[in-house]
Amino acid sequence: MNQKTKAISLTCAVMMAAFMWNTQSHAAEVGEKEMPLMLAEVSSVNTFNVNLKKPKSRNLPPAEDGIHDPENEATHSLQHPLDAYKGLPPSDFGNYVDWVKAIDEGKIRPRWDRADPNSEPFVMDLDIVRPVKASVPDVVFPHRQHTEWLLCSNCHPAVFVPQRLANQISMSAILLGQKCGLCHGKVSFPVETKTCRKCHSKPKPADWEPPLSEATLKNPWK
Amino acid sequence: MSSKIKRNVLKSMIIGVLAYMGTLGVPQTAQAEYADVVINNYADAAGMRPAVFPHWFHRIRFRCKVCHADLGFAFKAGGNKITMAKIIDGKFCGACHNGEISWSVENCAMCHSGVPGQPTHFHGSTVQRLIAPAYKPLQVKDTTK
């Protein structure tokens, strides 16, 4: 079983167990009078935002983050992210640090070479605009911010052919972890409502209208 | 209380506890730092806790290029088949955790700090947060050409 189906089946198991637990405990309360189960309840199925898993707090110390083992003594020697982030420009997502600004403002100076602290990256300032058919703003891919962190060979040619508009990119691919999603949604800033406009940053002309679908154009009752 | 109900309550309790224990292995319940990687291809089987690699900690000190180009880490959690033999030969983590650039390899528990039994995974990945699989785009005719 792969990890995803396992996760789904486990979630189902939990929900079923919780459901059974609920009905069973009611059965236990009313059981003595042998009453039928007819309790009107607000359905717990019709929730708001099934995906609302707000983290109770952000940037937890390793011992409380759920993946580090607090039984391991060395876990308590690991750094608290908030100690490391002191003085870094904040953001609203991911690590809640604006990593691009942190470099631009000189707040961090990550090495470009493992051993040589004076080695500098070869930064290339070239924006690639990708027009988007949908109503969201067009995408601007900035080489500058990327070449601060990465080598050309991290992207070219394996992930992107180095030619404007030669690559087919879609949100579907990105959300599946391909193309821009190879890094965004994993290490670089995540793909969520708060970040759409970081990529979709070039506004459409004021008179822009989304193209009508063929079904609408052909509709005889129009 | 009738014994049937008691049995049922017990049954659902057991299922509930089992299901709860099951969720402990599911990464979604954790609140770890974005981009933390748990690596557990072999560690558990050898009686070690899984290794945890914190991206946030390392990217303050090194650009992505150092690891993902110079040191040859592929962009795939668990995909590099890291072993201790490779590490003591100076590959992967061993290129730095050698007592020169960073503390050396005998600090086993600094890296092997994960909750036992966790699968290899990437924490906070967008793919894991989707409720349903991502959509498949339609093959729309390109009218711009």
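Me: Quick one: in chain A, what share of the contacts with a separation of 6 or more comes from residues 24 or more positions apart?
Reply: It's 40% in chain A, where a contact means heavy atoms within 4.5 Å. Keep in mind that this is a predicted model, where local features need pLDDT of at least 70, side-chain atom pairs count only at pLDDT 80 or more, and totals for chains, interfaces and linings use all residues. Residues are numbered from 1 along each chain as its sequence is written, chains are lettered from A and ligands numbered from 1 in the order in which they are written, and side-chain values use heavy atoms, with hydrogens and water left out.

Me: And what's that share in chain B?
Reply: For chain B, 54% of the contacts with a separation of 6 or more involve residues 24 or more positions apart.

Me: How many helices and strands does chain A have?
Reply: Chain A has eight helices and three strands (DSSP runs numbered from the N terminus: H or I of at least four residues for helices, E of at least two for strands). Reading from the N terminus, you get α-α-α-β-β-α-α-α-α-β-α.

Me: What about chain B?
Reply: Chain B has six helices and three strands, in the order α-β-β-α-α-α-α-β-α from the N terminus.

Me: New topic. How much of chain A is buried?
Reply: Of its 222 residues, 31% are buried (under 20% relative accessible area; exposed is over 50%, partly exposed in between, with a 1.4 Å probe and protein chains only). In chain B, 39% of the 145 residues are buried.

Me: How many salt bridges are there over all chains?
Reply: Ten, each with a side-chain nitrogen of Lys or Arg within 4 Å of a carboxyl oxygen of Asp or Glu. One pairs A:D104 with A:R144, at 3.1 Å from N to O. A:D104 sits in helix α3 and A:R144 in helix α4 (residues 143-149) of chain A, so this pair ties together parts 40 residues apart in sequence.

Me: Which residues make the salt bridge at 2.9 Å?
Reply: That's A:D138 with A:K204. A:D138 is in strand β2 (residues 138-142), while A:K204 is in the loop between β3 (200-202) and α8 (214-217) of chain A, 66 residues away.

Me: Is A:D138 buried or exposed?
Reply: Buried, at 11% relative accessible area.

Me: Which residue does A:E214 pair with?
Reply: A:K218, with the closest N and O atoms 3.3 Å apart. A:E214 is partly exposed at 43% relative accessibility, and A:K218 is exposed at 63%.
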